[in-house]
Amino acid sequence: MNTCLVMDPSGELHGMAAESLGRLGMACDVTRHPEAFTVRKAYDVVLMDMRPYVDFNEAFRRVLRDVGQAYVIGFIAPRDAVDRVLALEMGADAIIVPPFGPEEIGARVRALLRRQAQTRAVDAAVVRAQLDVAARTVSVTHFRNASGAMDLPALRLSANEALLLQQLALRPGQVMSRAELLSRSGLGRQGHSVQTVELLVSRLRHKLSCKLRTGPSPSAIGLPGDPIRTVRGQGYAWCASVLQLAVRATSTSSVDAAGANTAA
């Protein structure tokens, strides 16, 4: 059974969360005093209502430090986008702003639990693919597990998705901040912000997951985990153990691209 901790200083969140989580069959604990609460057991998901805090930085940092590998969903007042960005930079896995209801809470929790289930299935498959930045495609060249091997059709990316994925794949295991990815990919010079990086990461995760679900017998394949790892408070890192992604360099690509292509 999955478990959830609800940090609810105002007392407004618990009832709504209990309703949505109960439908998922999740056990739910609640505390009205997050700043003084000591986490004594492992949770799968933590919901924290940040709205009562004028400055939630210290309380939220403490929560993130104490909850270990649990997914954290923060509830933020819609007054300022800066708060939402700050919470994500500090390590929140998702942000919800009002108005919201039990259905949205349940949907966000289900999405995170699906990611957890995929991560636990990493050892079930060996996946290799090639990113062609110029063509904006990802071609899965090898997908093998106990059920056998298969090739899948190419996945189409947008230009910005291809640029960001290139930078992640060129440095497997290296944690890069959102600002660093913005700079290395060239998206910053196009006038984009760190919010664009977050959006593109979300889209890439979705596309790669859907990509690997295609084929004649998806249930027999077994999905790998999430190849883009979020490192709280730091940024993102590419997991080559989940998806071995070779980068096809163009004539104008950097030396790094050529080197990574050879290594892969």
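What follows is a chat about the fold, cores and salt bridges of a predicted model.

Visitor: Quick orientation first. How many helices and strands does the protein have?
Guide: Nine helices and twelve strands. This is a predicted model, so read every value as computed from it.

Visitor: What share of the residues counts as buried?
Guide: 47% of the 264 residues.

Visitor: What about contacts with a separation of 6 or more: what part comes from residues 24 or more positions apart?
Guide: Such pairs account for 62% of those contacts.

Visitor: On to sheets. What is the strand order in the open sheet of five strands?
Guide: E2-E1-E3-E4-E5, with parallel pairing.

Visitor: Which strands stand at the edges?
Guide: E2, residues 27–31, and E5. Each has a single partner strand, so one side of each has no neighbour in the sheet.

Visitor: What does the twist average from one strand to the next?
Guide: 20 degrees.

Visitor: Zoom in on E4 and E5. How many bridges do they pair over?
Guide: Three, in the parallel sense. E4 covers residues 71–75. Gly74 stands opposite Ile95 of E5.

Visitor: Which strands does helix H2 lie across?
Guide: E1 (3–7), E3 (45–49) and E4. H2 spans residues 57–66 and runs at about 170 degrees to E3.

Visitor: Now packing. Which residues touch the most other members of the largest nonpolar core?
Guide: Val138, Leu157, Leu165, Trp238 and Leu245. That core has 31 residues.

Visitor: Switching to charges. How many salt bridges does the structure hold?
Guide: Nine. One of them joins Arg23 and Glu19, at 2.6 Å from N to O.

Visitor: How are Arg23 and Glu19 placed in helix H1?
Guide: They are four residues apart, so about one helical turn separates them. H1 covers residues 14–23.

Visitor: Is Arg23 buried or exposed?
Guide: Exposed, at 54% relative accessible area. Glu19 is partly exposed, at 39%.

Visitor: What about Glu104 and Arg108: what is the N to O distance in that salt bridge?
Guide: 3.5 Å. Both residues are in H4, residues 102–120, four apart, so again about one helical turn separates them. Glu104 is partly exposed at 26%. Arg108 is partly exposed at 28%.

Visitor: Which pair links distant parts of the chain?
Guide: Arg232 and Asp93, 139 residues apart. Their side chains meet at 3.0 Å, N to O. Arg232 lies in the loop between E10 (228–231) and E11. Asp93 lies in the loop between H3 and E5 (94–96).

Visitor: Is Asp93 buried or exposed?
Guide: Buried, with 17% relative accessible area, under the 20% cut-off. Arg232 is partly exposed, at 23%.

Visitor: Which residues are linked in a network of salt bridges?
Guide: Glu12, Asp49 and Arg51.

Visitor: Back to E10 and E11. In which sense do they pair, parallel or antiparallel?
Guide: Antiparallel, over four bridges. Arg229 has Ala237 of E11 as its bridge partner.

Visitor: How many residues sit between the two strands of that hairpin?
Guide: Three. Gly233, in the turn, has a positive phi of about 75 degrees.

Conventions
Residues numbered from 1 in each chain as written. Predicted model: local features only at pLDDT ≥ 70, side-chain atom pairs only at ≥ 80, totals over all residues. Heavy atoms only, no water. Core = buried A, V, L, I, M, F, W, Y, C linked by side-chain atoms within 4.5 Å. Buried < 20%, exposed > 50% of the residue type's maximum accessible area, 1.4 Å probe, protein only. Salt bridge = Lys/Arg side-chain N within 4 Å of Asp/Glu carboxyl O. Pairing = 2+ DSSP bridges. Contact = heavy atoms within 4.5 Å. Axes fitted to C-alpha atoms, helices over the stretch in contact; angles between N-to-C directions.
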